[in-house]
Amino acid sequence: MASTTSIDLCNSDSDDDDNRLTMNAAGSKGAKLAELQMRVIQRGDAQTLIELCPLTGRMHQLRVQAASRGHVIIGDSQYGSELSCEGLVDGCIALQASKLEFNDPVNGKRVIVEAPPASWRLAPA
């Protein structure tokens with residue numbers, strides 16, 4: 001079963017984290033509401049496969065909310081990951097869109113693009 005979570009996000013006050021967002025109390029100055037649905041697909045000893053469905057479109061929303069619940073995305077050192085995956089280019093994180101839907105801006109028809117799940121493995125230490 002998916003759970004819905006809502007948080008407020010705003011830019012970090014730290015000079016060295018220009019692109020990092022932080023969770024803030026509701027109504028904080030400059031904060032914007034960020035909502036998503038999260039569902040655990042599979043639990044492992046050191047990893048959990050989760051499905052995230054954003055209900056709002058905030059920058060880094062999925063990364064911040066997953067990390068805040070103890071599910072730091074592998075390879076996402078900006079939000080706390082100390083792990084990397086085999087096959088990921090440096091700087092990439094183990095986050096994949098499995099389905100995108102939008103209306104074609106020219107003809108107005110609904111476009112649905114789906115991708116098979118990735119198979120990431122932790123890189124050797």
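Predicted model: local features only at pLDDT ≥ 70, side-chain atom pairs only at ≥ 80, totals over all residues.

**Entry 1: the whole chain**

I began with burial: of the 125 residues in the protein, 23% are buried, where buried means under 20% relative accessible area, exposed means over 50% and partly exposed lies in between (1.4 Å probe, protein chains only). Residues are numbered from 1 along each chain as its sequence is written, and side-chain values use heavy atoms, with hydrogens and water left out.

Next I looked up the fold elements and found 1 helix and 6 strands. Their order along the sequence is β-β-β-β-α-β-β. Helices (H or I, at least four residues) and strands (E, at least two) are DSSP runs, numbered from the N terminus.

The accessible surface of the protein is about 8,800 Å², and carbon and sulfur atoms hold 49% of that; the areas come from the Shrake-Rupley method with a 1.4 Å probe, and for residues only the protein chains shown count as cover. I also checked contacts (heavy atoms within 4.5 Å). Among those in the protein with a separation of 6 or more, 40% join residues 24 or more positions apart.

**Entry 2: helix α1**

Is helix α1 enclosed or open? It is largely enclosed by the rest of the structure, because 6 of its 8 residues are buried. I wrote down the buried ones: Gln61, Arg63, Val64, Gln65, Ala66 and Ala67.

After α1 comes glycine 70, with a positive phi near 85°. Alanine 34 sits in strand β3 and is buried, at 0% relative accessibility.

**Entry 3: arginine 63**

Arginine 63 belongs to helix α1, which spans residues 61–68. I wanted to know which residue arginine 63 forms a salt bridge with. The partner is aspartate 76, and the closest N and O atoms are 2.6 Å apart. For the record, a salt bridge is a side-chain nitrogen of Lys or Arg within 4 Å of a carboxyl oxygen of Asp or Glu. Aspartate 76 lies in the loop between α1 and β5, so the pair ties together parts that are 13 residues apart in sequence.

Both arginine 63 and aspartate 76 are buried; for arginine 63 the relative accessible area is 15%. Setting aside neighbours within four places in sequence, I listed the contacts of arginine 63 as Ile73, Asp76, Gln78, Tyr79, Ile93 and Leu95.

**Entry 4: the nonpolar core**

I went on to the largest nonpolar core, which has 10 residues: Leu36, Met38, Ile50, Leu52, Ala66, Ile73, Ile74, Cys85, Ile93 and Ala94.

Apart from neighbours within four places in sequence, it is in contact with Arg63, Ile73, Ile74, Gly75, Asp76 and Leu88.

The structure has 4 salt bridges. Glutamate 101 pairs with lysine 99 (3.4 Å, N to O) and also with arginine 110 (3.4 Å, N to O). Together Lys99, Glu101 and Arg110 are linked in a network of salt bridges. Glutamate 101 is partly exposed at 40% relative accessible area, and lysine 99 is partly exposed at 43%.

Leucine 100 is in strand β5, residues 99–103, and is partly exposed, at 46%. With Phe102 and Val113, Leu100 forms a nonpolar surface patch of about 260 Å² accessible area. For patches, residues need over 30% relative accessible area and no salt bridge; like charges are joined within 9 Å, and nonpolar side chains (Val, Leu, Ile, Met, Phe, Trp, Tyr) within 5 Å.

**Entry 5: cysteines**

How many disulfides does the structure hold? I found 0, taking a disulfide as a pair of cysteine sulfur atoms within 2.5 Å. Cysteine 53 is partly exposed at 30%, and cysteine 92 is partly exposed at 36%.

Note on methods
Core = buried A, V, L, I, M, F, W, Y, C linked by side-chain atoms within 4.5 Å.
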